[in-house]
Amino acid sequence: MNTTPHAFALFSGGLDSILAARLIMEQGLVVRCLHFVTPFFGKPRSIPYWEKVYGLEIEAVDVGEDFVRMLRERPAHGFGKVMNPCVDCKILMMRKAREIMKERGASFIISGEVLGQRPMSQRRDTLNVIRRDAEVRDVLLRPLSAQHLDPTEAERSGLVDRSKLLGFFGRGRKDQMALAERMGLTEIPTPAGGCRLAEKENARRYWPVLTLLDEPTAADFELSNIGRQYWAGRHWLSMGRNEADNAALERLVRPGDAILRVRDFPSPFALARQITPWDTETLRDAASLVASYSPKGVRAAESSGGTVAVRVQINGESTFIDVIPRRTPALPWGEPEFTEVRKAIKSENQPTFNE
Ligand code: SF4
């Protein structure tokens, strides 16, 4: 672990990133993999498994705050089909990898991109934009498609034997599967997936956070990943669906948040984040919704005058509100439809791309 690596590889956990790193390692070079983590992607808990199964050295790099800053300022190359800023995302990761490479004295960086594999972010012109904007022109080596690309400094200097690099092109997986077999990889990761920004359901969670908070942080997006998400104007309520959600929400409470729980009965854990002050009526309305998810609370309310008590705790101080459990209280708690999110993205007049 203490040897200075020759190269740092961008490592998503997908097959291409495994093959790219291994291909360079086969030349006797030391490669360290970087696994980028944000609220939207990254599985740092899988690192020990990947290291064992694929024989790699991998470190997690949290770029959550940088990524969220890019979203706040809006991606220069726009969003793809959902809320995925793929080109800017790659630029950000490559910049970070370059920084780490420089700091740690390595010579180049590796990515598993295959030319022509994806409609937009892996087209030749886009790959060039990424290389240029990330300032990695001279140091980025893409071993799987290198034969289609100009030689990099690592190849020209002889550190890497270019003749052993590959010329993969296009969307097919046949070449990759054959290479995996040749390398003796028995566990093949399932293709793609894993980025929440490319999923419509998640865009509905993220868009309000991005647009209604003054300065959303990575922690805000972490919160929006959990449980049921409700918005009524700028009032934001997150509610656990099960014990794991409840525990995750509890860990994310910060000063000023209101915690809502039904008193005396099993209840979801609900967290109201104060972007704008919550007046009593809004809190009551949210409490009524929370109570509707406590079956025992609902039954108790039905058999005793119609109401149940909800504890509202802010900075350790508790108050209690008696509410009628209602799944559809007065305010229209919910998330925007995906079509509204897309409309809003379009109305910002940013560039978009087809991926
Ligand atoms: S799908 Fe997600 S992780 Fe992949 S490049 Fe696009 S934004 Fe980045």
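**Close-up views of the predicted model**

**View 1. Helices lining the second largest pocket.** Helices α3 (64–73), α8 (200–212), α9 (218–224) and α10 (243–251) each supply at least two residues of the lining of the second largest pocket. The largest share, 3 residues, comes from α10. Helices (H or I, at least four residues) and strands (E, at least two) are DSSP runs, numbered from the N terminus. This is a predicted model: local features need pLDDT of at least 70, side-chain atom pairs count only at pLDDT 80 or more, and totals for chains, interfaces and linings use all residues. Residues are numbered from 1 along each chain as its sequence is written, and side-chain values use heavy atoms, with hydrogens and water left out.

View 2. The volume is about 660 Å³. It is the space filled by probe spheres set on the grid points, which are joined across faces, edges and corners. On a 1 Å grid over the protein atoms alone, a pocket is an open set of points where a 1.4 Å probe fits, with protein on both sides within 12 Å along at least five of seven lines; lining residues have an atom within 4 Å of a point. The second largest pocket is lined by 22 residues, and P39, R45, R196, E222 and N225 lie nearest its centre. The lining divides into 9 nonpolar, 5 polar and 8 charged residues. Ala, Val, Leu, Ile, Met, Phe, Trp, Tyr, Cys and Pro count as nonpolar, Asp, Glu, Lys and Arg as charged, and the others, Gly among them, as polar. Domain 1 (7–195) and domain 2 (199–338) each give at least three residues to this lining; the bounds come from an automatic or database domain assignment.

**View 3. The F41–F67 ring pair.** The whole structure holds 9 aromatic pairs (rings of Phe, Tyr and Trp, its six-membered ring, with centres within 6.5 Å; planes under 30 degrees apart are stacked, over 60 edge-to-face, the rest tilted). The rings of F41 and F67 have centres 5.4 Å apart and planes at 80 degrees, so the pair is edge-to-face. F41 lies in the loop between β2 (31–37) and α2 (47–54) and F67 in helix α3, so the pair ties together parts 26 residues apart in sequence.

View 4. Strands β10 (308–314) and β11 (317–323) run antiparallel, joined by 7 bridges; strands pair if DSSP finds at least two bridges between them. V310 has I321 of β11 as its bridge partner.
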